[in-house]
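Please open the structure in your viewer and keep the selection panel at hand. The tour moves from one selection to the next and says what is found at each stop.

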Amino acid sequence: MTSSSILDHAARLRDGLPEGFRDEVVESLYSDAARITETSVTERHDGTKLTLDRLLDRALTHRVWGFVAMGLLFFGVFWFTISGAAGPSSLLSNVLVDYGHSRLHALVAPLPTPDWVTGLLLDGVYLSTAWVVAVMLPPMAIFFPLFTLLEDFGYLPRVAFNLDRLFAKAGAHGKQSLSMMMGYGCNAAGVTATRIIDSRRERLIAIITNNFSVCNGRWPTLILMGTIFIGALAPPALAGVIAAASVVTVAFLGVLVTLLVSWTLSKTVLRGHSSTYSLELPPYRPPKVWRTLYTSLIDRTLKVLRRAVVMAAPAGAVVWLISNVTIADASIAAHLVGALDPLGWVLGLNGIILLAYLVAIPANEIIIPTILMLTMTLGTNLFDAQQGVMLELGTAQTHTVLTQAGGWTLLTAVNLMLFSLLHNPCSTTILTIWNETKSPKWTTVATLLPIGLGFAVTGLTATVARLAGWA
Amino acid sequence: MASTATTLDRLRRDQTATVTSVNIHGPQRRRLMDLGMLPGTRIHIDRVSPLGDPTAYLVRGSVIALRREQARGIHITVEQE
Amino acid sequence: MAEDLPTPSASPPPAANTACGTCVFNNAAQLRALGVDVSGHDHVVALAGNPNTGKSTVFNALTGLRQHVGNWPGKTVTGAEGGFGYRQRHYKLIDLPGTYSLLSDSQDEDVARDFLLFGQPDVTVVVVDATRLQRNLNLVLQILQVTGRVVVALNLVDEAHRHGLALDQRHLARELGVPVVPMTARNRQGLDTLLEAIEQVALGTVATRARRVRHGDDRTEHAVSELAARLRRDHPGLANTRWIALRLLEGDPGIERAVTDGTLDRLSGATPHAVSSETTGT
Ligand SMILES: Nc1nc2c(ncn2[C@@H]2O[C@H](COP(=O)(O)OP(=O)(O)O)[C@@H](O)[C@H]2O)c(=O)[nH]1
Ligand SMILES: [Mg+2]
C-alpha cells in the first residue's frame, strides 16, 4: 500500500538528516521572525515594563504580601457578595415569595381549578422557582462580575504562579489551579478547562478534584448557613465579617482537600510526578469595567440563573408531590426521610438533608429550598404550614424553622457546610466528566470519591462533637 | 566582560544571560522553543514565586514561568559587567 | 524554490471592485452581526493566534456574541462558531483555541492545528499581539506554510503604544506577503479595515504571496522537497505537501495517522468516493 511506503520513505530520509534537524526548523522560523520584527518595530523609549505593572507584580507575587493580597482579594469578593446580596435578596423574597405567591393564590381562587393543580403549580413549582431567584440572583450578580474583573485583569495566572509549588508537591499539574478557579463558577466549566493539561494522569487528577471548588450552586447554602448559624454567634457589628470568614474557610478547606486528594491519587492509583510545564504570565490589562460588568451579568449570571430556574421548577413539583402523596398513613417524603434519618444522625445531619441532596442531584441550587420545604411540612407542625408549601420566610424565621421544627443545632449547620463541599458532583458535571474522559471507571471515581469523603468527614465531626459534649 | 557557563536555575535576579542549549527532551523541548527559548536568546529573571519555585523569566518580551527542574535543563552563559 | 509555495492557487484576476468597494469610510457600518446564525454562509473564516491575543474579542466584535474573554492563556479551549455579514456576503467565523505553534503535539492545540490544516478555511485571520511580535510571528510564519489566504490582525496596538513601540505595518505586510491590519479590538478600532481585508482575501481580489521559510540546512530542505514531491505524486491535488512532508520527517504521530487512515486521500480528492463511503457527510 502506498501510504505505508510513504512513511517508510520518510523514515529513510530522516535517517540521512543531521541529529538536530527538528530544532533547526524552529530556529530558522525564529530567526526569520526575529529579523522581521527588528525591521518592523522600533522602541521609542527604553523597553522595560511599565513601572505600575512592575510594582503591582512585585506586590501580588511577593513572599508575604502576595499571599496576604490573595487572601484579602478572595475574602473581599466573598464579603462583598454576602453583605451586598442580603438587602436585594430579602427585597426579592418579599416581592416574589411573600407578595407574589399570595397574589397568585388570590388570582386563581375564583377559578374552578382543582386543589392539587394550584398546589403543584403555585406551592410547588412557583415557590421553589421564586425562592431560587431571590436567593441566587443577588449574590451571583455580585460575585460573577467581581470574579470576571479579576480574571480580565490577569490575576488568575498569578494565583497559579503563587500556588504552583504546592501543586507540584501534590504531584499535580501546575495548571490545575487554573481549572480549579474556573470551578468556583461552575464545576462543569472547570472540568472542561482541564483540557489545558496535557498529561492524562494529571488531567484526571484535576477532573476528580474539581468538585472541591465550591461552585455557584453551593454558595447560597454556605452563605445562608454562615449567616444564620455562624454569623449570628458574633456580635451584630461583626456578623457579616464572621459569616464571610466561615464561607471563605470552607472554600479554603476545599483547596486543602484538593491538594490532599491530588497528593493521595498521585501516590496511589494515578502514580507519577508532576510534569513540567510552562505558564505564560500575561501583562496586567486594566479591564473595561462597564463592559465586563455588563457581559458577566448577562452571560454568566443570567445563564446560571436560568439553569437554576429550569432545575428548580421540576424539583419543586417533585417535592410537592412526595410531600402530598400518601402511602399507608404517611407521605412518601415522610417514609423516605424516616429511612434516611439513621444515616443522617450518624453524619450529624438528618434525613431531610439527605433526601434534599437526592432530589438535588440535577442541581445543587435547590438544596436549601427543598430542605426548608420538607422541614416545614414534616417537622413539628409549628407554623401550621400546608403540606409541601415552600417557605415564605426571611432569614430570622428560617433560623427558627430549622432549629425548632427541624431540631437543628450548630453541628447540623457546620456539617451541612462541610457536606456541601464534599458530596457528589451535580448531574451536569458528571455528564461533562463522562464526555471529557469517556471512562466509566473515572467517571464513577469522580462521582463517588467526594461523597465518600463527605460521609467520612461529617461522620467524624459528628462523633467528635458528640463525644466532646458540644452537640 | 567575561561570561560564565551554567544552567538557568543558577541565574541570579540581577543577571542577564544567553541561552546556549536546551537540554530537555520530549514535547516540552518543542514547547520551550515555541516560546522562544532558543540558543542565542537573552533571558533574565522577572520574579520568583513567593514559595521559591517556579521562577518567571523574561524571554523575548513575554514572561514565562518555569519550575526549577526545567530551568536546570537550560544551559546559559551569564553576562558579567 | 518559491514556486513550491503552498499559496492559494492563482486567484482570479482582481475583479473590478463592486460599487461599494470605494466607500472605505463606511465599512464597519456595513457589518451585520449575525450571532449564531451561520446558515447559508459564503465563506468560512478562522481566527487563529497565540493564546491571549484577543481572538475572542475580535470574534465577539464581529458576531455580536459573547464568547468568554479572559486575561489568561487557556481561556478558550473549545472552538466557537458565529456568523456575520459584510456587504453582500455571509461569513461563518470560527474562534479557535490559542496555539503557540502548529508543530507541537499538545492536546489543547490539536483543535486549532487540525482545523487550519484539514478544515481549509477560506480565510485565516491570525490575531497577533503587537507587544510580543517576535513570538507571534513564529506562528504566523508557520501558518503561512499551510495557507496563503491569511490576514494578520495586528492587535493590542494600544498596549504597544503604551510600551513605546512604533510599528511599521506596511513593512510587515511586505515581508509576510499578506495584508496586515493594525487594530485595538477591544475598542473596535480597525474592524473596518479588517473586514475589508477579509473580503479581499475571500474573494481573491488581493493576490497574497505568502512568505516561505527555508527549513534548516540544505539536507533538510532537500529531504522536504523530495518527500513533498512523492506526496504530490501519490495524492494529486493535495495542498500543503511541504508542510506535511516536514511533519512526516519529524515523525508527527497525528500526520502519520492522517496518511494511514485515508485523511490525505480525502483531502487530495484522488479517491473521494472510496473514503466518503466510510464517513458520513462530505
Ligand atoms: N488593551 C487591549 N486589550 C485587549 C485588546 N483586545 C483584547 N484585549 C484583552 O486581552 C485579553 C485577552 O482577550 P481574549 O479575546 O480573551 O484573547 P484570546 O485568548 O486570544 O481569545 C482580554 O483581557 C481582553 O480584554 C485590545 O485591543 N487592547
Ligand atoms: Mg479566546
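Select helix α13 (residues 332–346) of chain A together with helix α14 (residues 351–359) of chain A; in this predicted model, their axes come within 7 Å and cross at roughly 110 degrees. Since angles of 65 to 115 degrees count as roughly perpendicular, α13(A) and α14(A) are therefore roughly perpendicular to each other. The crossing in which α13(A) passes α14(A) is right-handed.

Next, show the side chains where these helices touch: on α13(A) the residues are Ala333(A), Leu336(A), Val337(A), Leu340(A), Asp341(A), Leu343(A) and Gly344(A), and on α14(A) they meet Gly351(A), Ile352(A), Leu354(A), Leu355(A) and Leu358(A). Sorted by class, this contact of α13(A) with α14(A) comprises nine nonpolar, two polar and one charged residues.

Now turn to the sheet, and select its strands in the order β2(A)-β5(B)-β4(B)-β3(B)-β2(B)-β6(B)-β1(B), which gives seven strands in an open sheet with antiparallel pairing. The edges are β2 (278–281) of chain A and β1 (3–7) of chain B, each of which pairs on one side only. From one strand to the next, the twist averages 40 degrees.

For the following stop, select strand β4 (residues 55–59) of chain B, a mostly covered strand in which four of the five residues are buried. On one side, β4(B) pairs with strand β3 (residues 42–48) of chain B in the antiparallel sense over five bridges, and Thr55(B) is the bridge partner of Val48(B). The hairpin of β3(B) and β4(B) has six residues between the strands, and Gly52(B) takes a positive phi near 95 degrees there.

Which residue takes a positive phi in the hairpin of β4(B) and β5(B)? With two residues between the strands of this hairpin, Arg60(B) takes a positive phi near 45 degrees.

How values were computed
Residues numbered from 1 in each chain as written. Chains lettered and ligands numbered in written order. Predicted model: local features only at pLDDT ≥ 70, side-chain atom pairs only at ≥ 80, totals over all residues. Heavy atoms only, no water. Axes fitted to C-alpha atoms, helices over the stretch in contact; angles between N-to-C directions. Parallel < 35°, antiparallel > 145°, perpendicular 65-115°, else oblique. Left-handed = near helix turned anticlockwise from the far one by under 90°. Contact = heavy atoms within 4.5 Å. Nonpolar A, V, L, I, M, F, W, Y, C, P; charged D, E, K, R; others polar. Buried < 20%, exposed > 50% of the residue type's maximum accessible area, 1.4 Å probe, protein only. Pairing = 2+ DSSP bridges.
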